[in-house]
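Please read the numbered points alongside the sequence and the model.

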Amino acid sequence: MASAVTSPPQAGTPQADPARRRRRTGAAPRRLPYLLIAPAGLLMLGFIAYPVLSVFYYSLQHYNPTKPWRNGFAGLDNFTRIFTDDPHFWGTLSFSLKWVVVEVTLQLLFGLALALIVNQTFVGRALGRALVFSPWAVSGVLTSAIWVLLYNSQTGITRYLADLGIGEYGTSLLSDTATVFPAAIVADLWRGVPFFAILILADLQSVPKDLYEAAEVDGAGRIRQFLHITLPHIRDAIVLSTLLRAVWEFNNVDLLYTLTGGGPAGETTTLPLYVAHTSVDAHNFGYASALTTVAFVILLFCSMVYLRLSKFGGDGK
């Protein structure tokens, strides 16, 4: 009886190409995470992309709901007005830069000092860290409300200072052009310093202890250890935190709006606060969108230059 002869599998069939079958079956698990996060990703893209594109669109328009007869395509008229015919733009931009430089510098210095302190071993360190980080958990509006009460001329710190013979009764730090800037700086420092302390402390805990022990054996003091061991290891954390905080401080609206409203006499009006007044109060959304676009370009350019000069992510050489 003749035995059945089985023909060899043809090329291209599943039996002839097990590697292709394994690749096909292994591709599904790799795509699964992307499919799961796709709905959330699309929603985030919609909520972010649509407002950004809308701002760019309205920056080229004359758009004021209270004066619909003037609405229409503006071209570059809004941008021309910003740089040539706006008496407030350059002043608010210069104050914004001053606000960012002073705030970020002071927050970095105090945050670094606090991070170095709470990184040490001492009794009650957990409680100390909780107290240091707690202001960061407070919302911006609540922070503003707290400092409005503290600066109140009738019930705030100026009254108690007057009881001690320092200053006069009824004075307000927020209504005097000589004291409003330092007062606003102190209020924002209270909330901003913990941000630097948290990020820097996280990086400090990753520094190998062996480096400090070897430095002590070589006779290096605390200052040399800080300059040659600690600072190089936390450099990226400092660069990232200062960049993020600079962007947030530039866009700071809630604290200054609640504390001073941009006053007195426009002394504390930042560019984003000027945008808020232009859009919300004056209803000039087209011109406010153009101001926002200019602010976006300024932030983007400064961020790129800062990352380039700081060599973020490199070896620091």
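1. Leu 53 has its place in helix α1; helices (H or I, at least four residues) are DSSP runs, numbered from the N terminus. The model is predicted, with local features needing pLDDT of at least 70 and side-chain atom pairs counting only at pLDDT 80 or more, while totals for chains, interfaces and linings use all residues. Residues are numbered from 1 along each chain as its sequence is written, and side-chain values use heavy atoms, with hydrogens and water left out.

2. Leu 53 also belongs to a nonpolar surface patch of about 1100 Å², whose other members include Leu 43, Phe 47, Phe 296 and Met 304. Such a patch joins nonpolar side chains (Val, Leu, Ile, Met, Phe, Trp, Tyr) within 5 Å, from residues with over 30% relative accessible area and no salt bridge. The areas come from the Shrake-Rupley method with a 1.4 Å probe. Two or more residues are given by each of α1 (18–58) and α13 (285–310), and the largest share, seven residues, is that of α1.

3. Helix α13 also meets α12: their axes come within 8 Å and cross at roughly 165°. Axes are lines fitted to C-alpha atoms over the stretch in contact, and angles run from 0 to 180 degrees between N-to-C directions. The two helices α12 and α13 are therefore roughly antiparallel, a term for angles over 145 degrees. Their crossing is left-handed.

4. In the loop between α12 and α13 lies His 283, which has a positive phi of about 60° although it is not a glycine. Most residues other than glycine have a negative phi, and most peptide bonds are trans.

5. A cis peptide bond, with omega about 0°, joins Gly 263 and Pro 264. Pro 264 is located in the loop between α11 (254–259) and α12 (271–281).

6. Helices α3 (residues 89–118) and α7 (residues 180–204) pack with their axes 6 Å apart, at an angle of about 45°. Their contact has 22 nonpolar, three polar and three charged residues.

Note on methods
Nonpolar A, V, L, I, M, F, W, Y, C, P; charged D, E, K, R; others polar. Patch = residues over 30% accessible without salt bridge, like charges linked within 9 Å, V, L, I, M, F, W, Y side chains within 5 Å. Salt bridge = Lys/Arg side-chain N within 4 Å of Asp/Glu carboxyl O. Parallel < 35°, antiparallel > 145°, perpendicular 65-115°, else oblique. Left-handed = near helix turned anticlockwise from the far one by under 90°.
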